[in-house]
Amino acid sequence: MKSQNSVKGLVLEHVTPIDAIWKRLVELEGESENEEDWAGEAQRYLAVNFTVAVVTKEQADAIDAVGLRKEGFEGRPFYRYYRAAELIRERSAAGGPHIALDVARFTHPGLDASRYIQELVEEDEEDQEG
């Protein structure tokens, strides 16, 4: 945006896709005993999972192409981008297009993105070992 002084080619998207948000809110309704419980649970869920990101159109298309158009990761909304970056790198190594998606450059108020990404990497490594 800064280099071209325009938002052309940029996409504003929900970090947790709306389909995933809606699905979880409906599930919460079934799990809640009353409307007040549902409202509290929904508020806690949305406080973490309802946020937006700006990515390039090319990045958005690549995220969709690796199967993450509608998938969210409850409590870890930015994990979707981390996972997409891994899948995009795998496709690129297999001869697919190279699309830069550096999740370490993502910022979020109140979230140290670099520390968050490092935690994701460590969790992935532990999962692979275990």
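Phe-73, Tyr-79 and Tyr-82 form one aromatic cluster. Keep in mind that this is a predicted model, where local features need pLDDT of at least 70 and side-chain atom pairs count only at pLDDT 80 or more, while totals for chains, interfaces and linings use all residues. Residues are numbered from 1 along each chain as its sequence is written, and side-chain values use heavy atoms, with hydrogens and water left out.

**Aromatic rings**

- Searching the whole structure turns up three aromatic pairs; rings of Phe, Tyr and Trp (its six-membered ring) pair if their centres lie within 6.5 Å, and planes under 30 degrees apart count as stacked, over 60 as edge-to-face and the rest as tilted.
- Phe-78 and Tyr-81 make a tilted pair, because their ring centres are 6.3 Å apart and their planes sit at 40 degrees.
- Tyr-79 and Tyr-82 are a tilted pair too, with centres 5.5 Å apart and planes at 45 degrees.
- Those two tyrosines, Tyr-79 and Tyr-82, are three residues apart in helix α4, so about one helical turn separates them. Helices (H or I, at least four residues) and strands (E, at least two) are DSSP runs, numbered from the N terminus.

- Buried means under 20% relative accessible area, exposed over 50%, and partly exposed in between (1.4 Å probe, protein chains only).
- Phe-78 is buried at 7%, and Tyr-81 is buried at 0%.
- Tyr-79 and Tyr-82 are both buried.

**Charges over rings**

- Arg-76 lies over the face of Tyr-79, 4.3 Å from the ring centre; the rule is that NZ of Lys or CZ of Arg is within 6 Å of the ring centre and within 35 degrees of the ring normal.
- Over the ring of Tyr-81 you'll find the charged end of Arg-80, 5.4 Å from the centre.

**Nonpolar cores**

- A nonpolar core is a set of buried Ala, Val, Leu, Ile, Met, Phe, Trp, Tyr and Cys residues joined through side-chain atoms within 4.5 Å.
- The largest one has 20 residues, and those with the most contacts inside it include Ile-63, Tyr-81 and Leu-101.
- β2 (52-56), α3 (57-65) and α4 (79-93) are the elements giving two or more residues to this core, and α4 supplies the largest share, seven residues.
- There's also a second, separate core of five residues, including Ile-21 and Tyr-45.

**Out on the surface**

- Leu-12 lies in strand β1 (residues 10-14) and is exposed, with a relative accessible area of 61%.
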